[in-house]
Amino acid sequence: MEITSDTLWANARDQAALRGFFEEYRVRGEEIAALLSLIQKQPALQHGTYHWRTISGNGTDFQLPGLADEQDTCILAWSRIFEASEILCVINLHHWKEAVVYVTIDDGLHASGTRMNRLLGSESIPAELNVEDRNGKSIRLTIPPRSLVMYG
């Protein structure tokens with residue numbers, strides 16, 4: 001299921017959590033420099049359309065992004081697509097717990113068994129992820145707490 005950019009998706013709590021994350025993130029010098037460099041190099045991040053992505057903890061039951069529970073866990077996932085190039089962006093807003101989730105990607109742009117490469121994120125996460133036949137197409141990510149990761 002694809003969620004387009006005009007879809008209302010985030011409740012007030014998720015919006016506040018996202019604002020707090022970016023307030024913290026913007027003072028991380030090396031990470032901000034890497035993000036700005038990537039934005040300059042990737043046309044999809046500058047000009048691509050936004051597509052909110054569904055997520056799943058078990059690879060079967062997918063749901064809209066930004067559904068927080070009472071422990072303040074929240075995963076936000078979206079893609080930017082430009083000229084048949086997709087960059088997947090995922091944020092884990094949890095303060096101390098890593099997240100392992102399947103995230104839907106564009107079924108028409110990715111063949112099963114191909115790979116997406118890490119463009120942004122800690123060296124502790126995989127450099128490549130396999131594209132799987134789940135909910136159309138998806139990849140399984142591990143996202144450290146309070147982190148933004150990107151694959152393309």
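In the views below, a strand is a DSSP run of E with at least two residues, and strands are numbered from the N terminus. The model shown is a predicted one.

**View 1. The whole chain, as an overview before the close-ups.** The protein chain has three helices and 10 strands, and, when it is read along the sequence, these elements follow the pattern β-α-α-α-β-β-β-β-β-β-β-β-β. Of the 152 residues in the protein chain, 44% are buried.

View 2. Ile-87 lies in strand β5. Is this residue buried or exposed? A residue counts as buried when its relative accessible area is under 20%, and Ile-87, with a relative accessible area of 1%, is therefore buried. Once residues up to four places away in sequence are set aside, Ile-87 touches Gln-42, Ala-44, Leu-45, Trp-78, Ser-79, Arg-80, Leu-119, Met-150, Tyr-151 and Gly-152. Ile-105 stands 18 residues from Ile-87 along the chain, and the C-alpha atoms of the two are separated by 9.2 Å.

**View 3. The largest nonpolar core.** In soluble globular proteins, nonpolar side chains tend to be buried together. Here the largest nonpolar core holds 19 residues, and those that touch the most other members are Trp-78, Cys-89, Ile-91, Leu-93, Leu-120, Leu-148 and Met-150. At least two residues of this core come from each of α1 (12-25), α2 (29-41), α3 (43-47), β4 (75-82), β5 (85-92) and β10 (147-151), and α1, with four residues, gives the most. Apart from this core lies another, made of 18 residues, which include Val-103, Ile-139, Leu-141 and Val-149. Cys-89, a member of the largest core, is in contact with Leu-45, Leu-76, Ala-77, Trp-78, Leu-148, Val-149 and Met-150, when its neighbours within four places in sequence are left aside.

**View 4. The second largest pocket.** Rolling a probe the size of a water molecule over the atoms shows where empty space is left. The second largest pocket contains about 150 Å³ of space, and its lining is formed by Phe-22, Leu-35, Ile-39, Leu-45, Tyr-50, Trp-78, Arg-80, Cys-89, Leu-148 and Met-150. Which elements give two or more residues to this lining? They are α2, β4 and β10.

**View 5. An open sheet of three strands.** The strands of this sheet have the order β3-β6-β9, and their pairing is antiparallel. At the edges stand β3 (55-56) and β9 (137-143), each with a single partner strand, so one side of each has no neighbour in the sheet. Strand β6 (residues 99-105) runs antiparallel to β9 and is joined to it by seven bridges. Within this view, Tyr-102 can be found opposite Arg-140 of β9.

View 6. How many bridges join strand β7 (residues 115-120) to strand β8 (residues 128-130)? There are three, and the two strands run antiparallel; Met-116 has Leu-129 in β8 as its bridge partner. β7 also pairs with β10 in the antiparallel sense, over two bridges, and here Arg-118 has Tyr-151 in β10 as its bridge partner.

**View 7. His-51 and its polar contact.** His-51 belongs to strand β2 (residues 49-53). Its relative accessible area is 13%, so His-51 is buried. The side chains of His-51 and Thr-49 are joined by a polar contact of 2.7 Å.

**View 8. Two loop residues with a positive phi.** Most residues other than glycine have a negative phi. Glu-83, although it is not a glycine, has a positive phi of about 50°, and Glu-83 lies in the loop between β4 and β5. Arg-146, which is found in the loop between β9 and β10, also has a positive phi, near 55°, and is likewise a residue other than glycine.

Technical notes
Residues numbered from 1 in each chain as written. Predicted model: local features only at pLDDT ≥ 70, side-chain atom pairs only at ≥ 80, totals over all residues. Heavy atoms only, no water. Core = buried A, V, L, I, M, F, W, Y, C linked by side-chain atoms within 4.5 Å. Buried < 20%, exposed > 50% of the residue type's maximum accessible area, 1.4 Å probe, protein only. Contact = heavy atoms within 4.5 Å. Polar contact = N/O pair within 3.5 Å; in protein donor to acceptor, adjacent residues only side chain to side chain. Pairing = 2+ DSSP bridges. 1 Å grid on protein atoms, 1.4 Å probe; cavity = no way out; pocket = protein on both sides within 12 Å on 5 of 7 lines; lining within 4 Å. Points joined across faces, edges and corners; volume = space filled by probe spheres on them.
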